Structures are given as structure tokens and as C-alpha cells.
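I opened the model today to go through its strands and helices. My notes follow in the order I looked things up.

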Amino acid sequence: MNLLARLSFRKDRASTNGRSEDETAKNGRKQPEGKAPKGKAPKKQQPSESFEMVKRRATVNLAILERPLMSSTEFIVDARYRNMKLLDSGSYGIVVRAFDSKTKTAVAIKKIFSAFSCSRMARHVLREVRLLRHLDHPHIVKLLDIDVPGQYTAWQSVYIVTPLLEVDLYTAFRQGKVDDVLKQKKIAYQLLLALEHMHSHGLMHRDIKSKNLLLDKDMNVQLCDLGESRFYSKANRDILFEDELEDELEPQLSGVITTILQSAPELVFGDEYDAEVDIWAAGCVIAEIVRPGHEYLFDSVAKHSHLQEIVDIIGYPTPDVAETIDKNAAWVLRRVRKSSGNRIADMLGPSVDQLAIDLVEKMLTFSPKQRISATDALHHPWFDEARDETINNRGKYDFAQTEPSKKTPKSKLKRLVWDEIIGFHPEAAGMAVR
Ligand SMILES: Nc1ncnc2c1ncn2[C@@H]1O[C@H](COP(=O)(O)OP(=O)(O)O)[C@@H](O)[C@H]1O
Ligand SMILES: [Mg+2]
């Protein structure tokens, strides 16, 4: 993505930039720098609002981007974060790189816009911060900090801080950094380790794609972007259904889930689905990893043509599999041209190892029930040289217990995000939260 931006960086301004963007949102209009509102004495800070926290904010002005950003052009965080430069803009926000002057490390900060605009969005943010905070795994990105907002009531944007990694896998492909076979195996293996860990918690990631795999300088993987994660039905049936119902209630937002290129057939049908959707998506990513040129295996962006492509490459489902598909989905499937498939080896090309082809075929089965699990995939012989059995991969945190019910209002979800912030910033515990 060509998002080169000229960013201007200003820090430690107590007046304009000292005001948080959230305060600006509340008051409707920003005051000119250094001036108090006309005709009024500068408003006295409530003692509990922690004036220091507001004053120490730093701002990156992102106004000069090549394309307009959603709802906001400002990036306002604690002044401990310096030298900010735009890294990426994604579906929910923007990501900058920065130097953390407190820990003396390079970090990435993701700003999530309009985090509490509706309960679905608030739940998305809560999941992302909770999972990043509590999933302690070498191949899942760590949460270093969540920035304290200047003021609770007008708080809308959430800033999450993670260690800065070198590059995402999508970009690494384009830079020719993933052409060595041992590296390819390591990346694929570590992706599956991260998935096995999530699945052992009863969680599915639901947005596995090369852009969401970060690589460090030694090409070790860290999975990021956990906001679309859900509990899956086998483990937590009630929670999944509550959540999906919510998607129905807010249909304008449900379209953003999971990129179609990596969507399993059961996701395209809108049928009931489980953690196997991650295995399908990981199969697509592994196909991209080993394929010379690293092109997508399925590249249609429309649902019907995506399904046609799947059938053309892996074959039309056999009658016993087709029988297990629900009635609506069967109606969709009848509109797809039949094909005997069996073309994964052709698509990957003659230079690709038979064992890699075998693994991808086991990950890309039409029926989720026949799809290999993350645990079994990790034992696949293609990984013999890359295997690392030193990692204890079983989940130990009970996320399902702490998942708020569907009826939880967005105000309460916002408060729960706030509670996560207090985990990082006990000093902010006295701030007014009404
Ligand atoms: N810690 C990080 N280090 C380096 N790059 C990152 C980091 N976090 C995010 N990025 C970059 O920003 C992009 C968007 O971040 P992501 O968390 O996936 O947000 P979104 O929900 O907007 O997709 C990633 O694809 C990656 O290129
Ligand atoms: Mg992403």
C-alpha cells in the first residue's frame, strides 16, 4: 500500500495538542493554539481527571495522507512516544511506528477509531486488548501498553502499543525475503503453533492472512490483529451464537469479517462454522508461502466466483460431503460448475515439495470435518526440519469465563476496556469514569 505520508510531529503542547482528540470531539471544535475559549476563563481541570495525563500528550498530524482517513486525522498519545511515522492504515485504524523513550525500544501503535460507536465495535476492541494482554505466546504479538485517554467521557479512540516488528509477511513476500525453503517451513510452523494455542483456548482468529503475520528480523512469526477472534461453537456454543446474533443486529458491520480470499467454503455459505476456518485460511497462506511469486491461491473477490474457484481447484464436494451442507448452502452450490479439481499441485508449481503439497491439500478440504487440525498439521513430515517441541502450547487462560454477555451495553464494554488500561496504568485508577 502506498501510503507515504509527510507527518509533522509536535510534542508537549499543553494547549492545542495538550487537549486530547477526545476532548476536541466533545467540545466540537479545537481552540487555536495557546488560546483559551473566547470570553471564558480556561476551564479548571477536575482533580480526578489527572491533568498531567492530558498535558503530556504528543500529537502526530496525519492530515497529509494520500487518501482520506476515517473520521479523524490525529494521532494523540503520551509524549513518551516519539518520532512517529506512519506504517499502515487498515480496516479499523492506523498504525505508526514510534520510539518509546521510557523503555528505549521501538514500538508500533495502532489507533482504533470510534472504538465505542456501537456495541459490536466496543466488543471488538475489548477482545483485541484482552487477548493480546493475556495470550502469552512466543508467536502472538504482545501488548506493551494501552494509552490512557485524556478524559473518560469523551474517549473514543483506543491506542494499543506492541513491539515494533520488522515487516508483515505480505510485504516480506514482495521484498523477496521468503524464498528460502527452511524459512518457509519455519514461518508456516510458527503460524500453526499460534493457531494451536488459540484453538486450545476455544478461540478462532477468523482473519488469518499474510498481512496479519508479523516477522521479526530473524523471520520469526508473531500473529497480530486479534479483534475478529471469537469463541468457537464446539467449545462455547452459547457464546458463539450470542455473538453471531449481534452481527445480524448490526448488519452494516458484519461485512468486514475475514477477507474473502482466505475464506473457507463454510464461511462463504454463511453456514455455521468453527475453528477449521483458520486452518483453511492458514492453508491459503502456506500455499502463498511456497508458491513461486507468492501469489494468492484463490484470487476472486466476489463470493460466487470464489466458490467456483475453490471447486475448480479442490473439486466439487463428494455426495456425502454435499449432504452435510445446509439447505441454503446446497442451493448456492448447485449454481457452481462441477469440476474434478485436484489442481493444488498444478497451482503450486513443479518446484514445490510433494510434502508441502500434501499438507496444503489436507488443510484445504471442502468439508471442515475432514480438515487437518493445527495439532496434526504440526506433526506433518514437511515440518521435520523446522519442528520445535520446546514450546508448551496448551492454553491456560479462561477467556470464556470473562466474556461479557450479548446484552452488555456499549457503556459497560467501554468500562471493561478501561479496566484493561488500569492493568497497565494503576496510576490512572482515580480518574473520573462517568
Ligand atoms: N507491531 C507491529 N510491528 C510492525 N508492523 C505492524 C505492527 N502492528 C501492525 N503492523 C502493521 O500494520 C498493519 C495493520 O495492523 P493490524 O493490527 O493488522 O490492524 P488492522 O485491524 O487495521 O488490519 C499490519 O498489517 C502491519 O503491516
Ligand atoms: Mg490486519
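**Entry 1: β5 and its partners.** I began with β5 and β6, which pair in the antiparallel sense over eight bridges. This is a predicted model, so I read every position as computed. I picked out two facing pairs. Alanine 98 stands opposite valine 107 in β6. Glycine 93 stands opposite isoleucine 112 in β6. Four residues lie between the strands in this hairpin, and lysine 104 takes a positive phi near 60° there.

Next I turned to β4, residues 81-89, which is joined to β5, residues 93-100, by six bridges. These two strands also run antiparallel. Here serine 89 faces isoleucine 94 of β5.

I then followed β6 to β8, residues 158-163. Six bridges join them, and they run antiparallel. Alanine 108 is set opposite threonine 162 in β8. A reminder to myself: strands of a sheet pair through backbone hydrogen bonds, either parallel or antiparallel.

**Entry 2: phenylalanine 113.** Where does phenylalanine 113 sit? I found phenylalanine 113 in the loop between β6 (105-112) and α3 (119-134). Is phenylalanine 113 partly exposed or buried? I counted 16 C-beta neighbours inside 10 Å, so phenylalanine 113 is partly exposed; buried would need 20 or more. I also checked its distance to glycine 93. Glycine 93 is the residue I had noted opposite isoleucine 112.

**Entry 3: the open sheet.** I looked up an open sheet of three strands. Its order is β9-β11-β12, and the pairing is antiparallel. The edge strands are β9 (167-168) and β12 (221-223), each pairing on one side only. Two bridges join β9 to β11, residues 213-215. One residue pair I wrote down is aspartate 168 with its bridge partner in β11, leucine 214. Helix α5 packs on this sheet and touches β11 and β12. The direction of α5 makes about 35° with that of β12.

**Entry 4: helix α5.** I checked the length of α5, residues 181-200. At 1.5 Å a residue, its 20 residues should span 28 Å. How many of the residues of α5 are buried? The count is 16 of 20, so I call α5 mostly covered, taking 20 or more C-beta atoms within 10 Å as buried. Just after α5, glycine 202 takes a positive phi of about 75°.

**Entry 5: α5 against α9.** I set α5 beside α9. They pack at an angle of about 170°, with their axes 10 Å apart. Angles over 145 degrees count as roughly antiparallel, so α5 and α9 are roughly antiparallel to each other. From α5, the contact uses Gln184, Ile187, Ala188, Leu191, Leu192 and Leu195. From α9, it uses Asp278, Ala282, Val285, Ile286, Ile289 and Val290.

**Entry 6: α9 against α14.** I moved on to the pair of α9 (residues 276-290) and α14 (residues 354-363). Their axes come within 8 Å and cross at roughly 155°. This pair is therefore roughly antiparallel as well. The crossing of α9 past α14 is left-handed. On α9, the residues that meet α14 are Ile279, Trp280, Ala282, Gly283, Ile286, Ala287 and Val290. On α14, they are Ala356, Leu359, Val360 and Met363. I marked Ala282, Ile286 and Val290, which are listed in the contact with α5 and in the contact with α14.

**Entry 7: leucine 267.** I stopped at leucine 267, in helix α8 (residues 265-268). Leucine 267 has 21 other C-beta atoms within 10 Å, so it is buried. Its C-alpha atom is separated by 7.3 Å from that of valine 277, 10 residues away along the chain.

**Entry 8: the whole chain.** I finished with the totals. The protein chain has 17 helices and 13 strands. Buried residues make up 40% of its 434 residues. Of the contacts with a separation of 6 or more, 68% join residues 24 or more positions apart.

Key:
Residues numbered from 1 in each chain as written. Chains lettered and ligands numbered in written order. Predicted model: local features only at pLDDT ≥ 70, side-chain atom pairs only at ≥ 80, totals over all residues. Buried ≥ 20, exposed ≤ 12 C-beta atoms within 10 Å, placed from the backbone. Contact = placed C-beta atoms within 7 Å. Expected span 1.5 Å × (residues − 1). Pairing = 2+ DSSP bridges. Axes fitted to C-alpha atoms, helices over the stretch in contact; angles between N-to-C directions. Parallel < 35°, antiparallel > 145°, perpendicular 65-115°, else oblique. Left-handed = near helix turned anticlockwise from the far one by under 90°.
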